[in-house]
Amino acid sequence: PNTQYELLRRRIFSNTKELFYFINSGLSDIQKQATKVAPEILESINFLINMGNEHKKSLLHDIEQLAEVDGYANWRQKESNDLSTLVMDRFKYLQNPENCDTARKLVCNLNKGCGYGCQLHHVVYCFMVAYGTKRTLILKSKGWRYHKAGWEEIFKPVSDTCLSPNGQSIAGWPGNPETQVINLPIIDSLTPRPPFLPLAIPEDLAPRLIRLHGDPIVWWVGQILKYLLRPQEKTSNLLQETIDKIGFKRPIVGVHIRRTDKVGTEAAFHRLEEYMLHVDQYFDYLETKQVVNKRRIYLASDDPKVFQEAKKLYPAYEIIGDPSVAKTAAVSTRYSDTSLFGIISDIHMLSMSDYLVCTFSSQVCRVAYEIMQNFYPDASHRYRSLDDIYYYGGQNAHNMIAVLPHEPSKKDIIKAISSEVSAECSSSVALTFSMPIRTMVYLPRPDRTIKCDI
Ligand code: GDP
C-alpha cells in the first residue's frame, strides 16, 4: 500500500480517539462541579458522554475494519516478518565478528543502579550505540543485582563467539574510530550524544517502518529486546510452566499497577478503578467485533493488596496474576533471584495481552509494551497509559508535525503555525497536532517540528 494511505488510516484512528478524549475530558470537568451545575444539565452531560462513547466505538470499529477489507492484511504481516528477519540477521552479524581479538567493541555494564526495566532499557540503549557505531556489544553482567552469576544464565549470551572485553586500545566514550574497545557510560551522563539515540530509527529502514508501524521507535526497541531476551532453556521452561499454571488465555487485558517506592516520588497514585474503567472500555469495544465470554485481566503489581481489592470489587472478572509475586517485588526483597523470575514473567504476560492498561511512567509497563510489538505487525495503539505518553528515558526531542495552524485560546495550549513551527510544549490538548515525526534519525528535520505530546 501507499505510505500516505497507511499514515492517514492510522491518523484517523488515533484522532478519533483523541477527539473523544478531548470532549470527554471537558464534559467530565463539568461533571466534577456537580454542586454548581443544574441537575438537568448534569443529566444531559451524562447522556452526551454515554452516547459519545457509543459513537466512538462504532467509528473506531469501522476504521479498524478498513485494515481488514483493504486487502493489505497479509502484506502487513509479511512486511513485519521480513523486517524482523532482516534486523535479526544484522544483529547476529554485528554480534558475531569474524575475529573477536581484533573486533571493534562497545562495553556496557548491566549493573545500572536501578530496577529490571530500567536496566533492560540501559542495555537496549547500549545496543543502539553499538549498532550506530557498528561495534560488537560486550555485556558485563557478573554480580548483577538480580542474579549474581550474570545475564547468561537467564538469557542467551548477546554473542555466540565474542564475549571478551579485551582489546589493543581501550577508551571511554566517544573514543575514536580506531579505538578497539570503548566503555559506554549510562545515557544520563553521555557526552557527546550521538544522533542515533531514541527516538531515532535506522534511516535505511525508516520508509518501510513509517509505512508499517504507528510508532516506529517502539518497534525498533521491541526488536532489540527480541534479540536480547532470547531465553535460556530454563527460563523458557519456567515461563511455559507459569502460563500453564495460571491458565493464561486470551482475550486478556494486561493491567500493571505500580505502587510502593514509585508513588509520590516519580509518579502519582492511581486507584484501581481508574485502571478498570479503561479495561471495561476496551472490552466494550472488543464486543463490537467479537463475542467476549469472559472479561479477563492479567494483573501485575508490586503491591500485593491490589489483588484482594480487584477480586472484591470486580467479581465478574477473571483475575489472573499472583499476589505472592508482588510480595517479592517489595523494595526490601526486590533484587534477588525470586524477584527476577517474578518480574520476567509479569512482563512476559503483560506483553502477551491484547491490550495494556498501566502508567507509562513505569519502565515495567513500557518494556511490556515494547515487547508486545513483536506479536503484531503494529501494536502501537494497544495501550492506555494513565499518566505519561510513551517515551524512552534519555531520549532526544520528541517532535511532532503540526498539521493545521492553531491559535491557542487559553494557557497551556500550544500555538501552531502551519507545519513550519518549532515550539516547546509541556502539557496540552489540541486536536490540530498529530503525525509524530518520531522517526527522523541520522536525519534531523528541525524545520518541520513542533514538540507536543497529546
Ligand atoms: P519503574 O521503577 O517502575 O520505572 O521500573 P523498574 O523496572 O526500573 O523498577 C521497578 C522494579 O520493581 C522492577 O524491576 C521489579 O523488580 C519491581 N516491580 C515493579 N512492578 C512490578 C510488578 O508488577 N511485578 C513484579 N514482579 N515486580 C515489579
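1. How far is an oxygen atom of the ligand from an N or O atom in the side chain of Y146? The distance is 2.8 Å, which falls under the heading of a polar contact, that is, a pair of N or O atoms within 3.5 Å (within protein, one must be able to donate a hydrogen and the other to accept it, and residues adjacent in sequence count only if both atoms are side-chain atoms).

2. Please keep in mind that this is a predicted model, in which local features need pLDDT of at least 70 and side-chain atom pairs count only at pLDDT 80 or more, while totals for chains, interfaces and linings use all residues. Residues are numbered from 1 along each chain as its sequence is written, and side-chain values use heavy atoms, with hydrogens and water left out.

3. The side chain of R258 also has an N or O atom 2.6 Å from an oxygen atom of the ligand, and a polar side-chain atom of D346 is placed 2.7 Å from a ligand nitrogen atom. Of the 560 Å² of accessible area that the ligand has on its own, the protein covers 96% (areas come from the Shrake-Rupley method with a 1.4 Å probe, and for residues only the protein chains shown count as cover).

4. Turning to the cysteines, a disulfide (a pair of cysteine sulfur atoms within 2.5 Å) joins C100 to C162, with an S to S distance of 2.1 Å. This link is right-handed, with 70° about the S-S bond. Because C100 lies in the loop between helix 3 (73-95) and strand 1 (105-109), and C162 in the loop between strand 2 (136-140) and strand 3 (170-172), the pair ties together parts that are 62 residues apart in sequence (helices, H or I of at least four residues, and strands, E of at least two, are DSSP runs numbered from the N terminus).
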